[in-house]
Amino acid sequence: MKVAVFSTKAYDRQFLSAANSPIQHELVFFEPRLNRDTAILAAEFPAVCVFVHDQVDAPTLEILASGGTRLVVLRCAGFNNVDLQAAADLGITVVRVPAYSPYGVAEHAVGLILSLNRKIHRAYNRVREGNFSLDGLLGFNLHERTVGIVGTGKIGLILGQIMKGFGCHLLAYDVYRNPELEALGGKYVELPELFANSDIISLHCPLTLETHHLINTEAIEKIKPGVMLINTSRGALIDTQAVIEGLKSGKIGYLGVDVYEQESELFFEDLSGEIIQDDIFQRLTTFPNVLITGHQAFFTAEALYNIAETTFANITDIEQGRPCANEIRA
């Protein structure tokens, strides 16, 4: 199948080309993101392959459909950037990669926890400047602390396994209980109880209408003072302005995020020579107890290989008329 691949970086081309070698789909790589302005590039392509920040809204889908596109292939798990109803109305099939880096994302969350707790990011800069003072670097033992996990699918479960290894107590919230987490000793509770009793809260739930701004002013009022808040899931789970107020008041003691609700204008690009116009993001970077990474939790060799492999399996299933387990519908 002829596939227009948008939002490609060098690493995308490397892993996608390698995985496609035995299959021989016809790939054409485009660096720009897919949106209503760039959709014309996919004219006469039966399929487009997109990533998390491509805009697959109704106007974009209409342009794709008029050019002959009948398949949208997401090389990611999230699909909140796709208008599924518009796709269905236009006869466009949408498929995704539902799980590709659960260990990578969970391990990155742990990295944020350890770095924030022991001030590793600050110590690194101090030592490079010849400053070996320990003032301001005091941390705490993770052993016997309580970790609240919001969302206990594959990633949340793996985080629970890792934190259990540190000797932590586990609280959990999810619409569906995971018996494997309960077998670890994890206790399912309602969100107010999780907020009130967790020393660390880590978010691993999808972004839906119900979870949008899950961490807001009301939630912050309920959390344990000095809590560590970690988000490696979706940026809009957090109301950033409310979190900034929580940091200023001291109610939130630490914040570690790999995602940001307005990240589409920032992440995956080198903006080091530009003036960033997002004042809210810039305010976040001024706090000494905030650690931000640029949506890299998924970024492991294993994940990129799994993404590429599943992406082409999805394309081949659709091309050959087979049912695809990773199809998503309105």
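Visitor: Between which strand and which helix is the loop that holds Phe 268?
Guide: This is a predicted model: local features need pLDDT of at least 70, side-chain atom pairs count only at pLDDT 80 or more, and totals for chains, interfaces and linings use all residues. Residues are numbered from 1 along each chain as its sequence is written, and side-chain values use heavy atoms, without hydrogens and water. Helices (H or I, at least four residues) and strands (E, at least two) are DSSP runs, numbered from the N terminus. The loop with Phe 268 lies between strand E11 (252–257) and helix H11 (279–284).

Visitor: What is the phi of Phe 268?
Guide: Most residues other than glycine have a negative phi. Phe 268 is not a glycine, yet its phi is positive, at about 75°.

Visitor: Is Phe 268 buried, partly exposed or exposed?
Guide: Buried means under 20% relative accessible area, exposed over 50%, and partly exposed in between (1.4 Å probe, protein chains only). Phe 268 has 22% relative accessibility, so it counts as partly exposed.

Visitor: What is the phi of Ser 7?
Guide: Ser 7 sits in the loop between strand E1 (2–5) and helix H1 (10–20). Ser 7 is buried, because its relative accessible area is 13%. Though not a glycine, Ser 7 has a positive phi, near 55°.

Visitor: Leaving aside neighbours within four places in sequence, which residues does Ser 101 contact?
Guide: Ser 101 is in the loop between strand E5 (93–95) and helix H4 (102–118). Its relative accessibility is 5%, so Ser 101 counts as buried. Contact means heavy atoms within 4.5 Å. With neighbours within four places set aside, the partners of Ser 101 are Ala 297, Phe 298, Thr 300 and Ala 303.

Visitor: Which residues touch the most other members of the largest nonpolar core?
Guide: A nonpolar core is a set of buried Ala, Val, Leu, Ile, Met, Phe, Trp, Tyr and Cys residues joined through side-chain atoms within 4.5 Å. The largest one has 33 residues. Strand E3 (47–50), helix H2 (58–66), strand E4 (71–74), helix H3 (84–89) and helix H12 (301–319) each supply at least two residues of this core. The members that touch the most others are Leu 34, Val 48, Leu 61, Val 72, Val 94 and Tyr 100.

Visitor: How many residues are in the second, separate core?
Guide: Its members include Ala 219, Ile 238, Leu 255 and Leu 284. The count for this second core is 28 residues.

Visitor: Which residue in E7 is the bridge partner of Gly 148?
Guide: Two strands pair if DSSP finds at least two bridges between them. Strand E6 (residues 146–150) and strand E7 (residues 169–173) pair in the parallel sense over five bridges. Across from Gly 148, the bridge partner in E7 is Leu 171.

Visitor: What is the radius of gyration of the protein chain?
Guide: The chain has 12 helices and 13 strands. For 330 residues the globule rule gives 20 Å, and the chain's value is close to that, so it is as compact as a globular protein of that length. The radius is taken over C-alpha atoms, and the rule is 2.2 Å times the number of residues to the power 0.38. The radius of gyration is 21 Å.
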